Amino acid sequence: MKLTDRERIEGTEITIGRRVHYKKGRAVESDRYAAEYRDESGKQVAENLKTESRLEARKKALAIHARLQDGRPRVADSRLALAELVDDYFIATKARGVAPKTEWKYRADLGKLKEFCEEQKLILAVRFGRELFYRYREWLVAKEYQPKTVYAALMICKQVFKWGHAEGKVRENRLVGTKLAVAKARPQPCFTTEQVELLIGRTTGVEQVAIATLGYAGLRIGEVEQMQWIDLRLDDQSGGVFHVRRGGSNGTTKDKDERFVPIHPRVRTLIDMAPRLSALVFPGITERALLKRIKELCVQLKFPGGKSYKLHSFRHHFASLCANHHVAHRKALAWLGHSSSGILELYYHLTDADSQAAMQSLATGTSVELKPTAEGNLRAMGESKIETDAQKEAEQVVMNLPGVAAERVRFELTSGFKPATAFPVLRLRPLGHLS
């Protein structure tokens, strides 16, 4: 059920609002209030409150809350220790079979919560409410944790009490209604194509192939580490594809979905020369060792801010490459293994001709006629449902299909590659993180 003018009733898990229904394809907002909540069995329930008064709707929501409380056993939570609640939540989380890395993150964040409570001499879970929650946030900030770390720790704190209430360990979830602003990611560096080529030129063997794959396929380092020869579909006519189906925890990808990424001709040339020493395509490549090597090379090559580059900087390069060469937005998302991506949006906005032309018109005072259905505008609003001819051509180029030789020099690398002229590379400064 869709509600507008929503309000969570304090001290409950009931939300009230005006119900929206559709009449002849048009959204119509009701004058009367309705309530959303979960019943004793945990089933989502929508109930018409039959009143146009917000005050009366609040009273009826509280009556529903009282009715629900009467229908379930009272929880004697006055002596439940917060440390015990946290430990029980962690045990339940592990029982779900989360990945080892996820388990480590939960352990670290729950440890922060227990440390804070020890410093505050807080023992009972019933005493932890909104005031202490926001004090916990201040404590995390004072410890100089990064914004994303603070946000993650606070979200897990909320999950602890939500789970405790659902499991009947605490009588009330006192953190209902607490608000958190989503943390902004720190700016991340992005390699240019010239820099990627310089790094490839300074390396040899498996290390060289791995760097080329990161730069021209946009794979995550875990996907490179676990890539096997049986995951490569090598074809003499199309160039082949990477079948990305592992690289995260538990033998799958980070997003749990498989995907296919076409093999760039630059990468295919190196793969064809690589010896098959084991089932792995990149034997001996590890995240820590390769990251150390990349930072050393960036310093040696005197890249600006050399030590700031990461392995993820290669994914940023691939995203910018897709944007610069008009690869369809949703195709680029599929290759990167994302349903959405803020950093990819940034690169596509930077290369959006309509947006750039409109801004130039503001500077010059001239008018620019824009088509309201232009792909760039639709993509900016997340409503793109078409691929332009240029995008289709770019996709064919990457797939190395026959019949597009004239376009190929715009995207593919030839044997006489010259970094300074082969790519019209934009100097992009990312605003966020592409994971």
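## Salt bridges in the predicted model

Glu-29 is partly exposed, with a relative accessible area of 44%. The model is predicted. Across the whole structure, a search finds 21 salt bridges. Among them is the contact between the side chains of Glu-29 and Arg-18, at 3.9 Å from N to O. This pair links distant parts of the chain, since Glu-29 sits in strand S3 (residues 26-38) and Arg-18 in strand S2 (residues 15-23), 11 residues apart. Arg-18 is buried, because its relative accessible area of 18% falls under the 20% cut-off.

Another salt bridge joins Arg-67 and Glu-47, whose closest N and O atoms are 3.6 Å apart. Arg-67 belongs to helix H1 (residues 54-70) and Glu-47 to strand S4 (residues 44-48), so the pair ties together parts 20 residues apart in sequence. Arg-67 is partly exposed at 42% relative accessible area, and Glu-47 is partly exposed at 24%.

A further salt bridge, between Arg-135 and Glu-131, lies within a helix: both residues are in H4 (residues 130-142), 4 residues apart, about one turn. Arg-135 is partly exposed, with a relative accessible area of 31%. Glu-131 counts as exposed, because its relative accessibility of 60% is over the 50% cut-off.

Salt bridges with shared partners also join Asp-5, Glu-7, Arg-54 and Arg-58 into one network.

| Salt bridge | N to O distance |
|---|---|
| Glu-29 and Arg-18 | 3.9 Å |
| Arg-67 and Glu-47 | 3.6 Å |
| Arg-135 and Glu-131 | 3.0 Å |

Conventions: Residues are numbered from 1 along each chain as its sequence is written. This is a predicted model: local features need pLDDT of at least 70, side-chain atom pairs count only at pLDDT 80 or more; totals for chains, interfaces and linings use all residues. Side-chain values use heavy atoms; hydrogens and water are left out. Helices (H or I, at least four residues) and strands (E, at least two) are DSSP runs, numbered from the N terminus. Buried means under 20% relative accessible area, exposed over 50%, partly exposed in between (1.4 Å probe, protein chains only).
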